[in-house]
4 protein chains.
Amino acid sequence: MITVLKSSATKEQRDHLISWLEGQGLQVHVSEGKEYTILGLVGDTGHIDVELLESLAIVESVKRVSEPFKKVNRKFHPLDTVVTVGGASVGGGSFAVIAGPRAVESREQITAVAAAVKDAGASLLRGSAFRPRTSPYDLQVIHAEGLEYLLEAKKATGLPIVVELADMKDFDLLAEVDVVQVGSRNMQNYEMLRALGHTDKPILLRRGLAGSINDLLMSAEYLLAGGNANVILCERGIRTFETYTKNTLDLSAVPVLKQLTHLPVIVDPSHATGRADLVPSMALAAAACGADGLMIEVHNDPLHAQCDGAQSLTPPQFAQLMERVRRVREAVQS
Amino acid sequence: MITVLKSSATKEQRDHLISWLEGQGLQVHVSEGKEYTILGLVGDTGHIDVELLESLAIVESVKRVSEPFKKVNRKFHPLDTVVTVGGASVGGGSFAVIAGPRAVESREQITAVAAAVKDAGASLLRGSAFRPRTSPYDLQVIHAEGLEYLLEAKKATGLPIVVELADMKDFDLLAEVDVVQVGSRNMQNYEMLRALGHTDKPILLRRGLAGSINDLLMSAEYLLAGGNANVILCERGIRTFETYTKNTLDLSAVPVLKQLTHLPVIVDPSHATGRADLVPSMALAAAACGADGLMIEVHNDPLHAQCDGAQSLTPPQFAQLMERVRRVREAVQS
Amino acid sequence: MITVLKSSATKEQRDHLISWLEGQGLQVHVSEGKEYTILGLVGDTGHIDVELLESLAIVESVKRVSEPFKKVNRKFHPLDTVVTVGGASVGGGSFAVIAGPRAVESREQITAVAAAVKDAGASLLRGSAFRPRTSPYDLQVIHAEGLEYLLEAKKATGLPIVVELADMKDFDLLAEVDVVQVGSRNMQNYEMLRALGHTDKPILLRRGLAGSINDLLMSAEYLLAGGNANVILCERGIRTFETYTKNTLDLSAVPVLKQLTHLPVIVDPSHATGRADLVPSMALAAAACGADGLMIEVHNDPLHAQCDGAQSLTPPQFAQLMERVRRVREAVQS
Amino acid sequence: MITVLKSSATKEQRDHLISWLEGQGLQVHVSEGKEYTILGLVGDTGHIDVELLESLAIVESVKRVSEPFKKVNRKFHPLDTVVTVGGASVGGGSFAVIAGPRAVESREQITAVAAAVKDAGASLLRGSAFRPRTSPYDLQVIHAEGLEYLLEAKKATGLPIVVELADMKDFDLLAEVDVVQVGSRNMQNYEMLRALGHTDKPILLRRGLAGSINDLLMSAEYLLAGGNANVILCERGIRTFETYTKNTLDLSAVPVLKQLTHLPVIVDPSHATGRADLVPSMALAAAACGADGLMIEVHNDPLHAQCDGAQSLTPPQFAQLMERVRRVREAVQS
């Protein structure tokens with residue numbers, strides 16, 4: 001860590017700071033310049049509060065030379081993590097597609113969608129049995145049966161299932177769920193992350209709307225720090241000024257994350273764009289830029305069927321997309 | 001609610017949609033144009049899923065004419081809500097200042113800071129006994145004694161106290177706490193909001209980094225929908241591309257919120273800017289633009305004292321600021 | 001266009017507004033609701049000042065039903081525009097790659113790079129002979145010879161050349177340049193756009209850092225309104241809070257633009273990410289999601305050669321990328 | 001400047017880089033660490049291309065220790081710049097208000113508004129005689145008479161006038177204009193800035209929608225580098241995800257700019273918020289946080305008068321605001 005001191009710092013202030021830093025177990029190398037003095041801090045700086053340091057009046061700026069995340073860092077763990085769940089593998093060169101409806105609406109719906117996405121080549125089934133909604137008055141699609149139907153669909157198809165956890169108190173309900181999803185709104189719910197870090201349940205961690213790449217990795221670090229290394233990261237769009245799409249899918253995050261971490265990285269084009277007509281293009285782009293998989297909404301409900309088109313893909317659209325994704329994967333790997 | 005249909009919609013598709021909408025209990029007024037058909041939806045549209053509607057292939061766009069939030073809406077409750085806590089009032093023309101250290105570090109520290117901020121005119125005392133940190137390896141300032149010391153400081157000074165709740169399971173620990181703070185990272189933790197909505201504990205709800213004004217109001221609606229109307233909103237900066245300040249304090253949100261809702265609105269310039277030297281200017285600006293109060297970090301710890309300056313204000317800086325804030329309040333009210 | 005009036009509007013105010021709108025040549029359809037009155041405006045609303053309308057005290061909101069852009073709109077011109085320049089075509093199913101150095105540094109450099117990118121399959125050569133820099137003290141790479149060397153390279157290779165125009169007064173200097181680039185910082189320099197609209201020079205219009213998709217299309221509309229339909233759009237990243245990449249490449253803009261407009265859309269992964277190691281991934285993603293081409297920095301200068309790696313690709317890296325892009329294009333088209 | 005090299009850099013690569021840096025006239029101090037090598041660069045680093053340096057494969061990161069701007073920097077010019085124009089002063093403790101209509105519509109309008117804002121205490125008159133519009137089809141309020149009427153209003157009231165320059169070729173038309181405004185869209189039009197830097201015309205430089213504080217200062221540096229120190233900076237909102245206001249007014253930029261530069265800083269709450277009802281609150285906030293002045297839209301046209309309210313303030317609203325601003329100024333200065 002490098003700390004640049006202002007030229008206005010007195011010798012006494014500087015010595016106070018240096019002795020405080022040494023008290024934190026660090027070695028301090030001082031380089032004096034005409035305008036600035038630079039302190040090079042060597043040792044375990046992981047527990048140093050950068051914000052506190054930056055806030056000191058004599059400090060011009062602080063710069064971490066090494067990343068604050070350790071266990072998720074590819075530098076220290078160069079090999080890809082492969083998260084194995086049921087018969088499916090995520091990471092390490094395979095390509096995993098998680099598909100399913102926005103919300104589980106009925107036994108018939110989830111059964112039909114599950115069979116269809118399995119046929120098309122999906123590796124996992126998703127279903128939002130507990131999805132929180134922005135308004136307390138929005139249709140609340142939280143029926144206890146949702147989970148039950150999902151488990152039936154799992155049994156029928158053999159597909160492992162992914163379900164979002166809205167609150168740690170519901171964790172036990174998800175005993176038979178294969179992957180627990182931490183939603184964007186909970187990406188920095190550190191209590192939840194800490195608790196999940198002490199389980200061995202595979203976790204799908206979605207990037208928050210205002211979450212930087214660094215924030216996402218620090219959140220994953222919470223899970224790994226607790227001992228749970230079965231973590232899949234998911235890019236699903238960030239909040240920007242552009243309004244044609246619901247969020248702005250940050251695909252550059254895929255190669256950046258693949259460099260910085262050994263964890264698998266998947267992309268959700270459905271939530272990122274909010275428009276079914278953009279899902280195929282962005283799914284193909286995600287496959288082309290090195291993602292380890294996709295998460296895609298597929299539906300089968302009457303309203304959509306009648307009106308022919310929706311935010312989610314229909315099973316035939318999904319099957320066609322899977323075929324195109326396969327070709328793109330082959331093209332980039334050959 | 002207005003729904004614009006594409007000219008490509010067939011009569012059959014249109015009739016399907018209209019009959020579905022009528023099935024939801026709405027009256028549908030159809031205005032046919034050359035290029036578009038407009039459906040005016042009358043009735044209780046609060047439970048209509050706008051995203052679903054927008055996602056239909058025949059729908060060009062959907063526009064809510066009335067706001068989706070009801071109970072927080074000033075239109076239906078024109079009078080200011082006043083949150084009364086201990087001897088302090090927030091909202092309704094009074095001006096409340098919540099002050100205290102970044103984290104409770106020792107009995108001596110919190111006792112000294114509490115006495116100082118009370119003398120300077122603060123109405124409430126804050127202290128982060130449970131503050132979550134971005135890194136699992138950052139200094140974790142979570143000591144059980146933190147809360148105990150805060151309660152002692154409350155008793156000694158008579159100041160009501162504000163403490164952040166990181167997880168609903170800790171709620172019972174906060175029985176003697178006067179105001180429970182919901183942090184930015186939990187602004188859309190709907191499970192927590194729903195649970196807090198069923199208590200009568202005063203809540204300080206902080207805007208999330210990617211939270212729009214509408215999102216903040218919908219989160220407050222969760223609390224009021226449950227029956228808890230003791231809610232204080234707090235603007236504390238949003239995430240933008242500007243990096244000179246930690247976040248970008250959105251002061252325009254203050255007059256906007258004061259128009260849209262009857263709930264009190266306070267401003268936290270300490271977290272928004274991340275720099276003590278900017279806190280006074282932004283506190284004065286907040287007072288000038290109609291905020292109902294401020295939330296300010298005040299510290300008293302040795303490192304800062306030695307180095308003369310920090311992210312937090314010192315007690316003398318805080319006392320001086322309070323005097324200036326008072327003058328600005330008088331100026332805007334006269 | 002739909003205008004929603006507040007319920008507080010008096011009949012007199014409403015009538016004033018309606019008669020003003022009719023005076024603008026519009027038909028006004030009034031639908032009265034309990035809470036709101038909706039005015040449907042039919043006719044040529046293109047010249048109505050939406051901001052002015054929205055600013056009226058009796059107006060709740062204004063919504064354009066049809067897009068404000070006409071000549072760039074695919075609705076009215078469904079066929080792809082193909083910009084033909086020299087032997088190269090951009091748009092209409094072909095895939096054009098524009099490559100070249102960040103700045104023309106010497107005759108040797110540009111000659112060598114031009115030959116190399118041609119061999120690898122580039123269709124056009126770029127070179128920043130006039131690139132403006134953020135600091136007045138930055139190395140100013142503006143040598144009159146830059147353009148001369150580029151023209152020599154054009155002659156030697158047959159590649160048409162793309163050069164940025166920083167100021168309309170330099171336009172005549174670019175007589176032999178094949179495509180004039182309007183940089184991000186000039187995307188909304190309407191005087192320049194208006195002037196270029198009256199020429200028949202092919203234009204490469206780059207999206208601004210804060211430019212929405214709508215803004216970009218309105219800027220293109222300036223060019224087409226003047227009569228110049230030889231316009232290529234370029235996505236090159238927008239400004240967001242994420243700092244790992246220089247900007248955030250908004251690839252969703254590609255399929256969105258392809259739907260909204262008939263103009264060709266290319267992607268510049270070099271400037272968007274600012275990092276050579278991310279360029280291949282994002283170039284492949286751009287090819288996969290339907291872009292009509294790419295714009296890529298390729299260099300050949302001693303410093304980079306010595307240090308082995310840079311923001312730009314080396315000629316061998318570029319050649320390898322071209323091969324992979326070709327395979328992805330085949331995969332998505334088959 | 002500090003350059004951190006990766007541990008993977010070979011000795012040869014490092015020596016190449018160091019000798020290149022020394023060739024640029026810099027002294028290089030090398031500090032070797034276990035994981036990283038740090039190069040401290042001393043000398044005139046203003047002409048070093050940071051992006052180029054960062055792009056080298058062996059470079060981990062580059063950090064400027066000193067700001068890249070010199071002439072606008074308060075460190076080197078601690079005293080406030082006062083821009084004197086006609087009888088008005090901007091900066092140095094005075095408070096200047098620039099007021100006037102959105103666009104000059106008629107002789108009667110501008111004459112009436114000019115008289116009214118003068119009476120209320122405005123120091124300068126603004127009028128958009130050349131304002132560029134987002135759409136080529138929007139009402140183009142560019143009449144040659146606009147400027148003429150403004151000059152008449154100047155003569156009648158004695159108020160100096162501020163007019164936006166859309167293109168350098170129009171500069172001579174503005175010979176009698178007192179302050180030339182560079183709009184947000186031209187903030188990084190370096191050709192225009194460079195040309196204006198060689199005049200002695202006072203310049204009002206508005207922050208761009210994606211312009212960081214650093215960008216704004218670098219643009220001002222262009223003006224001062226050319227010799228023109230009569231520069232007024234204007235904060236007018238940045239582009240964020242929030243849509244209740246047209247832009248997000250970044251008032252923290254005011255105290256930040258006042259620290260970093262000696263140039264006067266004013267605030268435009270009219271364009272930032274886009275809503276007249278928010279202008280008073282934000283004007284008061286700007287006065288409270290240390291701005292050197294305001295820029296406010298005041299109108300007097302029939303449509304607005306009829307409909308009672310608009311984006312601009314009416315003369316009586318403006319007069320009332322001026323009185324409140326005066327009281328806030330007194331409060332913060334006493």
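Is Arg327(D) buried, partly exposed or exposed? Arg327(D) has a relative accessible area of 24%, so it is partly exposed (buried is under 20%, exposed over 50%, partly exposed in between, with a 1.4 Å probe and protein chains only).

Before going on: this is a predicted model, where local features need pLDDT of at least 70, side-chain atom pairs count only at pLDDT 80 or more, and totals for chains, interfaces and linings use all residues. Residues are numbered from 1 along each chain as its sequence is written, chains are lettered from A and ligands numbered from 1 in the order in which they are written, and side-chain values use heavy atoms, leaving out hydrogens and water.

**Exercise 1.** Find the salt-bridge partner of Arg327(D) and say how the two sit in their helix.

*Solution.* Start with the partner: it's Glu323(D), with the closest N and O atoms 3.6 Å apart. Helices here are DSSP runs of H or I with at least four residues, strands are E runs of at least two, and both are numbered from the N terminus. Last, check Glu323(D): at 35% relative accessibility, it is partly exposed too.

**Exercise 2.** Work out which parts of chain D the salt bridge between Arg126(D) and Glu297(D) links, and whether its ends are buried or exposed.

*Solution.* First, the contact: the closest N and O atoms of Arg126(D) and Glu297(D) are 3.9 Å apart. Then the places: Arg126(D) is in strand 8 (residues 124-126) and Glu297(D) in strand 14 (residues 293-297), so the bridge links distant parts of the chain, 171 residues apart. Finally, the ends: Arg126(D) is buried at 4% relative accessible area, and Glu297(D) is buried at 2%.

**Exercise 3.** Sort out which residues of helix 1 (residues 11-23) of chain D are buried and which face away.

*Solution.* Begin with the buried ones: Gln13(D), Arg14(D), Leu17(D), Ile18(D) and Leu21(D). Just past the helix, Gly25(D) has a positive phi of about 85°.

Notes: The expected span of a helix is 1.5 Å times one less than its number of residues. A salt bridge is a side-chain nitrogen of Lys or Arg within 4 Å of a carboxyl oxygen of Asp or Glu.
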